[in-house]
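Please keep the sequence and the structure in view while reading.

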Amino acid sequence: MKYCTFAPLLKHLHNMEREVRVRFAPSPTGALHIGGVRTALYNYLFAKKMGGKMLLRIEDTDQTRFVPGAEQYIFESLEWCGIKLDESPIHGGPHAPYRQSERKPMYMDYALQLVEAGHAYYAFDTAEELDAMRERLKAAKVATPQYNAITRATMKNSLTLPEDEVKRRLESGEPYVIRLKVPRKEEVRLKDMIRGWVMVHSSALDDKVLMKSDGMPTYHLANIVDDHLMGITHVIRGEEWLPSAPLHVLLYRYLGWEDTMPEFAHLPLLLKPDGNGKLSKRDGDKLGFPVFPLRWVDPVSGEVSSGYRESGYLPEAFINFLAFLGWNPGTQQELFTMEELIEAFSIERIGKSGTRFDIQKARWYNEQYLRAKPDTELAQYLLAALPEQDIACSPERAEKIVGLMKERVTFPQDFWKEASYFFVAPTQYNEQVAAKKWSAAAAGAFEQFRNELGSLTEFNADTVKALLLQVLERNGLKIGQVMQALRIALTGVEAGPDLMAIIEIIGREETEQRIDAALSKLAQYAA
RNA sequence: GGUCCGUUCGUCUAGGGGUUAGGACACCAGAUUUUCAUUCUGGUAACAGGGGUUCGAUUCCCCUACGGACUACCA
């Protein structure tokens, strides 16, 4: 109780003069998933908005879950997203090392400090004994079976065992853990920047393990020690941490760090599209969209999961989309560059409720960003796809093509997929449209058109169109009656940009050849 | 089960004691067009339910329902 009156005020004063420092602290247990990327993004936006620093810390205290390549994947993902780190295991920094496994020696001191102060204790219970305890409590219909102020009295720990036996066990190298001695009854309050005051009774918390028997700290101890040592001012993390946040407050208090305790902001979760549970790594591609920023190959199972990058999402679009999942600027503006996001960002405008994931919106953002790019840049996407097709194309020609196609693509790879007819004559025709639109009259007109193409002194969309109209008029045909047929003849498909522009790009000779081919291949419909 | 968090159109959300409850995506219709797409115009569509407080509640309070998270020597 004695802390409650002044601590918040002191903390407030203290934090006001501190440089904002936030951290993103993933564990390298696999690919970083999209929810993690959003957490990283919000941390980054907040840090930059406040003129502060963002660091990345690898939380690898569970050696059994280490996955090779995961750490590299995290860095590559953040880099692709444009989230820049000020300090990290690879960027270095004043608080190195930034991998908890490399910081291992420093945690025990703090755990022992807690033991000495009477806020933690040694426990020697085996896994079997813990199971038995939980079974017993369950059988006795105890609402929450946990290692706590009541049950600790029945277990093997330094609070129940005689002092000399505890000493003997420790000296003989018997495995032990250090547990936090959570008070029996005490209200623990914490102020969350998104949710306001959250109150939890200490009886709902159990005596969490702080140091594991392998000598590694658990997340709970390690994150408090490191956040304190690294000068973290704001902890922005997922809502799944909210239930254990009071425990963390207790740790700050017992370690004597309450006056510089970071402020907390627990982010609403990213939910599956049906709202049924949070988006998880294990969802892979099951939901019909990637849950990872980059493609990921599981090093053990070899299972491949698709990524946003490889699917054709632009990092700017991906980030803009992600930023709006749970946050909004309160204005009508939808499109934001990273700089604009930083400028507009505030934690107060983060929503409270879980956010369902909607891939449709991500596609829309991608289209917007794609269309905003200059043709010279878009041309690179098309050009990049051509060598493997064994096709040569000048940058100027590619530019013209993407200029015509950009309004109708969602991803960069669509340029080749949707526009291959600029390079390759159709080998088959849309039969439905052919059956409906091809006619003897049309075919006749096309033949004349084809034969007169050679007479044009200038060959471009305008002159070609003029010629076509002339031929059609001579044959008593309307443009609407035959255009679809001509489109099929030249491209094979029913949809696409302005046909005359297509003709201009594929050129006179190719146009003549394609009409010839169509006249013979589609003759069956000319009845 | 227990603890905690949440609930405005199908989805993301704005708003906030008196509003025609606003926008975006998606969807539908019309216009333009040589097709499709784009673009433009218009449209369908929401305050979970019940109690209070109040002249008045979607907004504040309580309860219920529903949803979610957590409940490891994992993070």
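## Backbone features, strands and the RNA surface

K141 lies in the loop between helix 5 and helix 6 (163-171), where helices (H or I, at least four residues) and strands (E, at least two) are DSSP runs, numbered from the N terminus. This is a predicted model, in which local features need pLDDT of at least 70 and side-chain atom pairs count only at pLDDT 80 or more, while totals for chains, interfaces and linings use all residues. Residues are numbered from 1 along each chain as its sequence is written, chains are lettered from A and ligands numbered from 1 in the order in which they are written, and side-chain values use heavy atoms, with hydrogens and water left out.

Phi of K141 is near 60°, a positive value in a residue other than glycine. K141 counts as exposed because its relative accessibility is 74%; buried means under 20% relative accessible area, exposed over 50%, and partly exposed in between, with a 1.4 Å probe and protein chains only. A positive phi is also found at D390, near 65°, in the loop between helix 13 (375-385) and helix 14 (395-405). D390 counts as exposed because its relative accessibility is 72%. The peptide bond from A96 to P97 is cis, with omega near 0°, and P97 sits in the loop between helix 3 (70-81) and helix 4 (104-116). Most residues other than glycine have a negative phi, and most peptide bonds are trans.

Turning to the strands, R21 and R23 point one way from strand 1 (residues 21-24), V22 and F24 point the other way, and all are buried. In a regular strand the side chains alternate between the two faces of the sheet. Strand 1 pairs with strand 2 (residues 53-56) in the parallel sense over four bridges, two strands being paired if DSSP finds at least two bridges between them. The bridge partner of F24 in strand 2 is L56.

An open sheet of three strands has the order 3-4-7, with antiparallel pairing. Its edge strands are strand 3 (120-123) and strand 7 (209-211), each of which pairs on one side only. Strand 3 and strand 4 pair in the antiparallel sense over four bridges, and Y122 stands opposite I178 in strand 4.

Of the 57 residues around RNA strand B, K212, E407, R408, G496 and D498 come nearest, a residue being near a molecule or strand if one of its heavy atoms lies within 4 Å of it. Sugar and phosphate account for 72% of the atoms of RNA strand B that come within 4 Å of the protein. By class, the surface near RNA strand B has 18 nonpolar, 16 polar and 23 charged residues; Ala, Val, Leu, Ile, Met, Phe, Trp, Tyr, Cys and Pro count as nonpolar, Asp, Glu, Lys and Arg as charged, and the others, Gly among them, as polar. Helix 12 (359-372) is one of the elements that each supply at least two residues of this surface, and the largest share, four residues, comes from helix 12.

| Protein atom | Atom of RNA strand B | Distance |
|---|---|---|
| S27, side-chain N or O | sugar or linking oxygen | 3.0 Å |
| A143, polar backbone atom | base nitrogen | 3.2 Å |
| K278, backbone N or O | phosphate oxygen | 3.1 Å |

A polar contact is a pair of N or O atoms within 3.5 Å; within protein, one must be able to donate a hydrogen and the other to accept it, and residues adjacent in sequence count only if both atoms are side-chain atoms.
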